[in-house]
Amino acid sequence: MWMELKDKKPPFFAPWTDADEKKLMEMKKKDIKLDDTALGRLINVRKREQEAAFWSSSCKEREFFLKGLKIIHDVAEDLEGK
């Protein structure tokens, strides 16, 4: 990939202006919740997919999954100091 790009001119970027800085400062003031982002929506979709997979699993598969969740839960509690 480097060989393809090494002789090309870099892309043009407009210089950062005071207007850009003002817009950035305004955006920083906004309270954006994770659920309002593409990442947050993807996380919620994955949770629903996991729930559907859980309910469509066999009893043995559910037990294995629950054991894994217990391990994750215990580690998280240790990290949180509980």
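Which helix holds both Glu49 and Arg46, and how many residues apart are they? Both lie in helix α3 (residues 38–55), three residues apart, about one turn of the helix. The model is predicted: local features need pLDDT of at least 70, side-chain atom pairs count only at pLDDT 80 or more, and totals for chains, interfaces and linings use all residues. Residues are numbered from 1 along each chain as its sequence is written, and side-chain values use heavy atoms, with hydrogens and water left out.

**View A. Glu49 and Arg46 pair within helix α3.** Their side chains meet in a salt bridge (3.3 Å, N to O). The term requires a side-chain nitrogen of Lys or Arg within 4 Å of a carboxyl oxygen of Asp or Glu. Glu49 is partly exposed at 41% relative accessible area. Arg46 is partly exposed at 43%. Here buried means under 20% relative accessible area, exposed over 50%, and partly exposed in between (1.4 Å probe, protein chains only). Helices are DSSP runs (H or I, at least four residues), numbered from the N terminus.

View B. Lys29 counts as exposed because its relative accessibility is 64%. Glu26 counts as partly exposed, at 42%.

**View C. Asp74 bridges to Lys70 in helix α4.** The closest N and O atoms are 2.8 Å apart. Helix α4 spans residues 59–80; Asp74 and Lys70 are four residues apart in it, about one turn. Asp74 has a relative accessible area of 28%, so it is partly exposed. Lys70 is partly exposed too, at 48%. A search of the whole structure finds five salt bridges.

**View D. A nonpolar surface patch includes Met1.** Met1, Trp2, Met3 and Leu5 make up the patch, with about 560 Å² of accessible area together. Patch members have over 30% relative accessible area and no salt bridge; like charges are joined within 9 Å, nonpolar side chains (Val, Leu, Ile, Met, Phe, Trp, Tyr) within 5 Å. Areas come from the Shrake-Rupley method with a 1.4 Å probe; for residues, only the protein chains shown count as cover. Met1 lies in the segment before α1 (2–5). Met1 is exposed, at 75% relative accessible area.

**View E. Glu4 sits in helix α1.** Glu4 is exposed, with 61% relative accessibility. Between Glu4 and His73 lie 47 Å in space, C-alpha to C-alpha, and they are 69 residues apart in sequence.

How values were computed: Helices (H or I, at least four residues) and strands (E, at least two) are DSSP runs, numbered from the N terminus.
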